[in-house]
Amino acid sequence: MIGWIAAGAAAGILTALGAYAVRGRSSQWLCTSYWRGRPNVPAVALTFDDGPGPATAEILSILDRYGVPATFFFCGENVERRPELARRVVEVGHELGNHSYSHPYFCFRSREFIRQELHRTQAILEQVTGCRPRWFRPPYGIRWLGLQKVLDELGLVCVTWTVIGNDWKWPGPVVAEHVLQRVVPGAIICLHDGRETRPEAAADPTIEAVRILVPGLLNRGFRFETISNLLCWTSSNNA
Ligand SMILES: [Zn+2]
């Protein structure tokens, strides 16, 4: 009896460890993952995944109103659908990241599949915007075997987040309050200007959250940085 209980407990612990390894925001088991900046600087990085999407244009105008930068992790398929928005993001000075081509789950997928997803998006982003991203955010936060090797080949670095807004399921004010309660110096904040690769999706909660969050964080004394600046990333880091 005690043996069965011990076996059950061990299986539960292994399952939890496996889930953390694959999806934990700070997990370093399957690839090096940056999830926060320096805690001694009152700066945050606002990041958006799954675009360009229905919320991108309005988010750009809010960021412009306050003169703050952000980092956009785009899906290649969405860039093909809205190339003019991807170009605008770069033209007005924001940073680009790679969020895969089709936003798949990487669990149990081959290294070659992962490589194709990331490589295709690098090529599309470079062709459309002239910029080749250095940052990668994994769809659903899932890191898998072979990902680190692919990132190394493509010169990409994985970034997760410190605070995620759940803006795909919560109303804007709830998202904003959730983030404001958890934000710390050096925080990487994750929101979504699209919803996976769906052409049309609810954009209002994210837009509403950004309208509250940007002035809210400025009022608390935070400044906004791109991921590269928040992490003080220079070419020597990448040597
Ligand atoms: Zn995503």
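Leucine 17 lies in helix H1 (residues 2-23); helices (H or I, at least four residues) and strands (E, at least two) are DSSP runs, numbered from the N terminus. This is a predicted model, in which local features need pLDDT of at least 70, side-chain atom pairs count only at pLDDT 80 or more, and totals for chains, interfaces and linings use all residues. Residues are numbered from 1 along each chain as its sequence is written, and side-chain values use heavy atoms, with hydrogens and water left out.

The zinc ion has the protein donors Asp50 (OD), His99 (NE2) and His103 (NE2), at 2.0 to 2.1 Å. Donors are N, O and S atoms within 2.8 Å of the metal (3.2 Å for Na, K and Ca); water is not among the atoms, so sites may look incomplete. The spacing of the donor residues in sequence is D-x48-H-x3-H. Aspartate 50, in strand S2 (residues 43-51), and histidine 103, in the loop between strand S4 (95-98) and helix H5 (111-129), are 53 residues apart and link distant parts of the chain.

Relative accessible areas are classed as buried (under 20%), exposed (over 50%) or partly exposed (in between), with a 1.4 Å probe and protein chains only.

| Residue | Relative accessible area | Class |
|---|---|---|
| Aspartate 50 | 5% | buried |
| Histidine 103 | 7% | buried |
| Leucine 17 | 38% | partly exposed |

In helix H6 (residues 147-154), the buried residues are Leu147, Val150, Leu151 and Leu154. Viewed down the H6 axis, these fall within an arc of 100°, so they line one face of the helix; the arc is that of the directions from the helix axis to the C-beta atoms. Glycine 155 follows H6 and has a positive phi, near 70°.
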